[in-house]
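Biologist: I would like to learn how to read a structure of this kind, feature by feature. Could you take me through one, giving the general idea and then the case at hand?

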Amino acid sequence: MAEITAGAPDRARLLSDFSAHLGAQRGLSEHTNRAYLGDVDLLLGYASRHGRTTLDSIDLGVLRGWLASMATTRHSRATLARRGAAVRTFFAWATRTHRVPADPALRLATARTGSALPTVLQVEPVNQLLDQARDRAQDGDAVALRDWALLELLYATGVRVGELCGADLAAADVHERTLRVVGKGDKERVVPFGLPAQKALAAWLERGRPLLAVPTSPPALFLGLRGGRLDQRQARSVVHQAASLAGIDDVAPHALRHTAATHLLEGGSDLRSVQELLGHASLATTQRYTHVSAERLRSAFQQAHPRA
């Protein structure tokens, strides 16, 4: 049976085979693939430290002990739920491929992730954010033009920051005002955007991007200072800095996605359309934005109605 202690060749081979399975069989995103692989590696380390040095020696008690050891720390419920999903996926694969005789994770339960409502901005702070970005771009600075276009598109389309950073030039149709992105599970979708985003994107492509591009630049829609593809960390930094300069509460790019979805529903869009726009596999994921709208309505009622 495979040795799973740190540095063992069998453990490295096991993780490599599991990684190949995740990439080829399940169609998970690269980010999820890395997270699952790291989660399983953590489990194997925990097991070996507790005397379970082979894969078939890991039982349900070890799995529960591993999750319990993290539940008492500052790990979020979402992290614990993902790690539970990772080990269930791993042992289901290990059982099918005869690496273990039985699946010890079949009865493994993890805490629900909870129903915390996403962060959503009101219309006025969004306008402040985007107006500030537009004003900073008026002098033609390449970075300011890029940041303006990035912010406008994040709010206009509701795409994930990784989807936008991964988009190439050919994915954007400025005249038709559409953007083609690749989401979770390598699923492609086309999302529309409005006139303000069109104006910002056109300015970036015509006056900003040529100033940052170098001979080795990829065909990325957005570039970093050195001419490479803008990565997610840099894009998040753009959003945080823009919020600070606009004098609004700090937000992350995903808050602009939540905000776009909520504003669409409040404006009369139906759930199915918003689901397609966001690339949600399940309508239930989109439905949480109806709760956000209801909470905002309830808050407005309590503040304004004399008999609230």
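Biologist: Which residues does Arg-160 touch, not counting residues up to four places away in sequence?

Modeller: In this predicted model, Arg-160 touches Gly-183, Lys-184, Arg-189, His-254, Arg-257, Leu-278, Gly-279 and His-280, with residues up to four places away in sequence not counted. The place of Arg-160 itself is in the loop between H6 and H7, and its side chain makes a polar contact with the side chain of Glu-163 at 2.4 Å.

Biologist: Does that make Arg-160 buried or exposed, and why?

Modeller: Buried is a matter of a cut-off, under 20% relative accessible area. Arg-160 counts as buried because its relative accessibility is 13%. Thr-262, which lies in helix H10, counts as buried because its relative accessibility is 0%, and the side chain of Thr-262 reaches the backbone oxygen of His-258 at 2.9 Å.

Biologist: Where is Asp-59 found, and what does its side chain reach at 3.0 Å?

Modeller: Asp-59 is found in the loop between helix H2 (30-49) and helix H3 (60-71), and it counts as partly exposed because its relative accessibility is 33%. The side chain of Asp-59 reaches two backbone nitrogens, that of Val-62 at 3.0 Å and that of Gly-61 at 3.2 Å. Leaving out residues up to four places away in sequence, Asp-59 touches Arg-52 and Pro-104, while its C-alpha atom is separated by 8.5 Å from that of Asp-103, a residue 44 positions apart from it along the chain.

Biologist: How should I read the packing of two helices, and at what angle do H2 and helix H4 pack?

Modeller: One reads the angle together with the separation of the axes: H2 and helix H4 (residues 77-96) pack at an angle of about 80 degrees, and their axes are 9 Å apart. Because of that angle, H2 is roughly perpendicular to H4. On the H2 side, the contact is made by Ala-35, Tyr-36, Asp-39, Val-40, Leu-42 and Leu-43, and on the H4 side the residues include Arg-82, Arg-83, Ala-86 and Phe-90. Sorted by class, the contact of H2 with H4 has ten nonpolar, one polar and three charged residues.

Biologist: How many residues has the largest nonpolar core, and which have the most contacts inside it?

Modeller: The general idea is that in soluble globular proteins nonpolar side chains tend to be buried together. Here the largest nonpolar core has 50 residues, and those with the most contacts inside it are Leu-164, Leu-179, Leu-221 and Phe-222. Several elements each supply at least two residues of this core, including helix H5 (123-136), helix H7 (161-165), strand E2 (178-182) and helix H8 (195-212), and H6 gives the most, with nine residues. Leaving aside neighbours within four places in sequence, the residues in contact with Leu-179 include Leu-164, Ala-167, Val-191, Phe-193 and Leu-221.

Notes
Residues are numbered from 1 along each chain as its sequence is written. This is a predicted model: local features need pLDDT of at least 70, side-chain atom pairs count only at pLDDT 80 or more; totals for chains, interfaces and linings use all residues. Side-chain values use heavy atoms; hydrogens and water are left out. Helices (H or I, at least four residues) and strands (E, at least two) are DSSP runs, numbered from the N terminus. Buried means under 20% relative accessible area, exposed over 50%, partly exposed in between (1.4 Å probe, protein chains only). Contact means heavy atoms within 4.5 Å. A polar contact is a pair of N or O atoms within 3.5 Å; within protein, one must be able to donate a hydrogen and the other to accept it, and residues adjacent in sequence count only if both atoms are side-chain atoms. Axes are lines fitted to C-alpha atoms, for helices over the stretch in contact, and angles run from 0 to 180 degrees between N-to-C directions. Angles under 35 degrees count as roughly parallel, over 145 as roughly antiparallel, 65 to 115 as roughly perpendicular and the rest as oblique. Ala, Val, Leu, Ile, Met, Phe, Trp, Tyr, Cys and Pro count as nonpolar, Asp, Glu, Lys and Arg as charged, and the others, Gly among them, as polar. A nonpolar core is a set of buried Ala, Val, Leu, Ile, Met, Phe, Trp, Tyr and Cys residues joined through side-chain atoms within 4.5 Å.
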